[in-house]
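Here is a short briefing on a predicted model. Keep the structure open while you read.

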Amino acid sequence: MGVIDRLREDFYQRICVEHVLIISALDVDALCTCKILQALFKADDVPYTTVPVQGKTDLQKAFNAHSEQVKAVVLINCGGTLDVQELLQPEQGVRIYVVDSHRPVDLDNVYNKEQVNILLRDGDVLEVPPFDDIYASDMESEEEGVEDEYFSDEDSAPSNKRRKGDEIG
């Protein structure tokens, strides 16, 4: 899994060797966490850039504005409930570390071992079902050729079914 519980070995020592982008939400917990991380980076002479964000659009803009100069990104109290890989579309080799107290954590972040890592406090445990239990049913239904709501195999004409979002209001 992309979950890190050994913070010093698996997180801090890995990012101390490169320029780090810190993207922080504007809540009190995030700002305090950001100040602590900045103090650690200053003490260890780690180059970093800090960008405060408020919402998904700000998160995308902040990442896109700084993505070319960094290989490590720390998201503080933002991004945990979103599919970070899909939202930010980082280049190969960019590692994203998510420190977010919001729940539920997006499962794509948990199972993305290559670029997204979730940082947990000592003793915290994410109770997540195995990958195959979640995604196996999706893959099976794609292979079986699930019938589209709007088209049936019989006549290939649009059906009269309406989806919830299709109502005219």
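G80 is buried, because its relative accessibility is 2% and the limit for buried is under 20%. This glycine sits in the loop between β4 and α4.

- Which residues touch G80, leaving aside its neighbours within four places in sequence? They are V98, D100, P104, V105, D106 and N109.
- N77 counts as buried, at 10% relative accessibility.

**Positive phi angles**
- Most residues other than glycine have a negative phi.
- N77 is not a glycine, yet its phi is positive, about 55°.
- Q89 is not a glycine either, and has a positive phi of about 45°.
- Q89 lies in the loop between α4 and β5 (95-99).
- Is Q89 buried or exposed? Q89 is exposed, with a relative accessible area of 60%.

- β2, helix α2 (residues 28-43) and β3 form a β-α-β unit, and the unit is right-handed.
- Strands β2 (residues 20-25) and β3 run parallel, joined by six bridges.
- A25 has V53 in β3 as its bridge partner.
- β3 spans residues 48-53 and has two faces. T49, V51 and V53 make up the covered face. Y48, T50 and P52 make up the uncovered face.

- Helix α3 covers residues 56-66, and its buried residues are L59, A62, F63 and H66.
- An α-helix has 3.6 residues a turn, so residues three or four places apart point the same way.
- Which residues are exposed on the other side of α3? They are K61, N64 and A65.
- The buried residues of α3 pack against several elements: β2, β3, β4 (72-76) and α4 (84-88).

**Aromatic pairs**
- How many aromatic pairs does the structure hold? It holds three.
- Y12 and F41 form a stacked pair, because their ring centres are 5.9 Å apart and their planes meet at 15°, where under 30 degrees counts as stacked.
- This pair links distant parts of the chain. Y12 is in helix α1 (residues 7-15) and F41 is in helix α2, 29 residues apart.
- Y12 and F41 are both buried.
- F41 also pairs with Y48, and that pair is tilted. The centres are 5.7 Å apart, with 40° between the planes.
- F41 has a relative accessible area of 0%, so it is buried. Y48 has 22%, so it is partly exposed.
- Through these ring pairs, Y12, F41 and Y48 are linked into a cluster.

**Confidence in the model**
- The average pLDDT of the chain is 78, and 67% of the residues score at least 70.
- Residues 146-169 have a pLDDT below 50. Beyond near neighbours in sequence, this stretch has 18 contacts in the model.

Note on methods
Residues numbered from 1 in each chain as written. Predicted model: local features only at pLDDT ≥ 70, side-chain atom pairs only at ≥ 80, totals over all residues. Heavy atoms only, no water. Buried < 20%, exposed > 50% of the residue type's maximum accessible area, 1.4 Å probe, protein only. Helix = DSSP H or I, 4+ residues; strand = E, 2+ residues; numbered from the N terminus. Pairing = 2+ DSSP bridges. Right-handed = clockwise from strand over helix to strand, strands pointing away. Contact = heavy atoms within 4.5 Å. Phe/Tyr/Trp six-rings, centres within 6.5 Å; stacked < 30°, edge-to-face > 60°. pLDDT = per-residue confidence, 0-100.
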